[in-house]
Amino acid sequence: MQRHRLNKSNKQRSATLLVIALIAICIILAVRPVVHGRTPALLGPTKQKATLLARPGDSQLARERAMQLGLVPTGKFPISKDDLVSAMPSDQTHLPVVKGSRSWRKGIRTVIATNSQPTAAIQAEAAQNNETWVYYPDDVPARSFYKGDSRAALAPFLAHKELGDTYKWMLYGDDDTQFFLDGALRLAKDFDPDLPWFITDNVWWSTGEHTPHSWRHHPHPDAPRCIPCHYDDSSFVASAKATIPSYKAIKGCPCTPELLCAHNNHSLHMSEDWFNKYCDMPRLPHHMYSMHGGAGALMSIGLMRKVGWDVAEPCVLKSFSTGGDTFLQICLWEAGHAITSPGAGFYDWQMRSFDAGSEDRMGLVDFIMRAIEGTCHDRGLCNVKLQHLVTIHVRSSAFGSKSDAGMFMKALAVQYDVWAENFYQRMISEYERQQEDAALTDEERQARQQKADDDQAAMWESIGSCYGHAEEQVVSMELDRREKEALEAEARLQSIGAIGR
């Protein structure tokens with residue numbers, strides 16, 4: 001009986017899939033003339049451009065073209081991919097993850113701090129991918145949860161030792177932190193790289209009080225941080241929607257511990273002040289305050305000049321806490337530097353830039369696909385969110401193997417590039433359409449619009465006709481199937497002598 005039910009279910013599913021396939025074929029045949037340029041009004045421009053990724057780098061070419069046309073703001077401090085470098089901690093077991101990260105790095109200079117001396121084979125492969133592998137030992141004994149935490153905290157300083165003063169911004173995170181270069185470039189263009197910036201909006205925070213708002217988690221909307229001086233938040237301040245976080249924004253150029261302590265304006269959810277009278281960084285066991293290493297951060301060349309290796313290493317090696325991200329935060333705080341939130345995500349929680357979905361890998365995959373398809377509830381909002389996105393924490397420990405995590409990073413990088421190319425290409429196509437419209441006479445513009453309307457009406461008529469025919473075909477097939485099943489059932493009963501008893 002169970003097998004019969006499964007067979008029946010499979011047949012019903014097959015019939016449903018057949019309906020979908022036939023309808024899809026109808027739509028493809030009907031829409032094909034539109035896609036090939038015969039219905040310009042439906043997709044926007046008269047001359048349609050290819051919007052699928054032809055080769056790696058097309059999204060960057062599309063972005064550069066949009067910038068040349070003045071469609072993408074260059075910002076007060078223009079920046080390109082060549083101004084970015086990357087720093088990450090790793091170890092030998094995470095080699096597949098590091099290889100997977102090459103898909104998003106796209107050849108930017110990268111320093112990888114590992115717990116073993118790199119072999120000649122690794123060094124040769126690294127050279128082909130613009131990587132430098134450096135050795136830094138595990139902690140013995142450990143002073144935190146993981147023995148590689150000192151290496152994690154020191155990775156950006158090891159990178160600066162290798163690269164010198166040859167970049168503007170360092171992308172810092174774990175080896176399973178996936179950056180999106182378009183988002184990083186968009187964010188950094190308004191920050192002076194010569195100032196000491198440490199930028200992230202994904203922060204661990206707790207006050208030690210036992211309430212939902214104070215319990216340790218990340219990202220925490222009430223975590224103490226500044227917003228940049230150049231960010232115009234006047235509309236948010238005047239709006240009743242500005243309820244996250246529950247305290248007034250502190251503007252810093254850049255942010256310092258002294259600035260945060262001077263305000264010490266604890267949120268409405270807490271009874272304690274953020275900081276003690278000595279302006280110490282909040283620490284366990286009563287407090288928790290740190291960037292989240294998996295979400296990553298942007299570190300300016302100005303910050304790296306201020307905090308050298310001779311300052312960073314002794315500080316890290318004397319620290320005891322939960323992890324490498326906290327080690328780093330302690331030492332930056334002691335050196336006089338605090339966290340700056342990009343701005344938009346401070347007021348609108350949906351516009352966070354660093355691991356906005358909080359390790360929601362598959363949610364991001366679905367979100368990007370909906371943005372590409374145009375099936376988000378608000379296409380414009382989808383694109384705005386993705387423009388703000390700088391990182392996602394892939395969290396390689398959640399995969400069956402590190403190789404699986406590396407392959408996921410490759411797939412996500414390609415998917416994001418398809419969205420980015422599509423986004424910029426639509427922008428360029430709309431610009432070109434407007435330029436063409438400006439050159440047309442009123443009569444030519446009306447004639448073109450009429451043809452577009454006629455073609456679109458013909459397309460929907462064709463889809464409707466094809467759909468009706470497909471439905472008739474499926475109904476006929478279903479009746480034939482039922483008749484065949486009835487004959488087979490009768491034959492089975494006759495074979496066991498059941499008929500006539």
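Buried, as used here, means under 20% relative accessible area, with exposed meaning over 50% and partly exposed anything in between (1.4 Å probe, protein chains only). This is a predicted model, where local features need pLDDT of at least 70, side-chain atom pairs count only at pLDDT 80 or more, and totals for chains, interfaces and linings use all residues. Residues are numbered from 1 along each chain as its sequence is written, and side-chain values use heavy atoms, with hydrogens and water left out.

**The chain as a whole**

- The secondary structure comes to 17 helices and 12 strands; helices (H or I, at least four residues) and strands (E, at least two) are DSSP runs, numbered from the N terminus.
- The chain has 501 residues, and 45% of them are buried.
- Take the contacts (heavy atoms within 4.5 Å) with a separation of 6 or more: 74% of them join residues 24 or more positions apart.

**Nonpolar cores**

- A nonpolar core here is a set of buried Ala, Val, Leu, Ile, Met, Phe, Trp, Tyr and Cys residues joined through side-chain atoms within 4.5 Å.
- The largest nonpolar core has 50 residues, and Trp-104, Trp-169, Leu-171 and Leu-298 have the most contacts inside it.
- Helix H16 (residues 402–439) gives this core its largest share, 11 residues.
- Apart from that core lies another, of 49 residues, including Val-111, Ala-297, Leu-303 and Trp-333.
- What does Trp-169 touch, leaving aside its neighbours within four places in sequence? Its contacts are Ile-79, Asp-83, Leu-84, Val-85, Ala-188, Phe-191, Pro-193, Trp-197, Ile-199, Leu-298, Met-299 and Ser-300.

- Helix H6 (residues 149–163) and helix H11 (residues 309–317) have axes that come within 10 Å and cross at roughly 170 degrees. The axes are lines fitted to C-alpha atoms, for helices over the stretch in contact, and angles run from 0 to 180 degrees between N-to-C directions.
- H6 and H11 are therefore roughly antiparallel to each other; the cut-offs are under 35 degrees for roughly parallel, over 145 for roughly antiparallel, 65 to 115 for roughly perpendicular, and oblique for the rest.
- On the H6 side, Ser-150, Ala-153, Leu-154, Phe-157, Leu-158 and Lys-161 meet Trp-309, Ala-312, Glu-313, Val-316 and Leu-317 of H11.
- Sorted by type, the residues of this contact are 8 nonpolar, 1 polar and 2 charged. Ala, Val, Leu, Ile, Met, Phe, Trp, Tyr, Cys and Pro count as nonpolar, Asp, Glu, Lys and Arg as charged, and the others, Gly among them, as polar.
- Helix H3 (residues 58–68) has Asp-58, Ser-59, Gln-60, Ala-62, Arg-63 and Ala-66 as its buried residues, and these pack against helix H7 (181–188) and H16.
- Just after H3, Gly-70 takes a positive phi of about 80 degrees.

- Most residues other than glycine have a negative phi, and most peptide bonds are trans.
- The Val-140 to Pro-141 peptide bond is cis, with omega near -5 degrees, and Pro-141 lies in the loop between strand S3 (131–135) and H6.
- Another cis bond runs from Cys-253 to Pro-254, with omega near 0 degrees; Pro-254 is in the loop between strand S9 (250–252) and H9.
- Cys-279, not a glycine, has a positive phi of about 60 degrees. At 17% relative accessibility, Cys-279 counts as buried.
- Arg-395 is not a glycine either, and has a positive phi of about 60 degrees. It sits in the loop between strand S12 (391–393) and H16. Is Arg-395 buried or partly exposed? At 38% relative accessibility, Arg-395 counts as partly exposed.

**Loops on either side of S10**

- With 7% relative accessibility, Phe-275 counts as buried. Its C-alpha is separated by 9.9 Å from that of His-287, 12 residues apart along the chain.
- Gly-293 is in the loop between S10 and strand S11 (297–300), and at 6% relative accessibility Gly-293 counts as buried.
- Gly-293 and Leu-328 are 35 residues apart in sequence and 9.5 Å apart in space, C-alpha to C-alpha.
- Leaving aside neighbours within four places in sequence, Gly-293 is in contact with Gly-173, Asp-174, Thr-177 and Asp-325.
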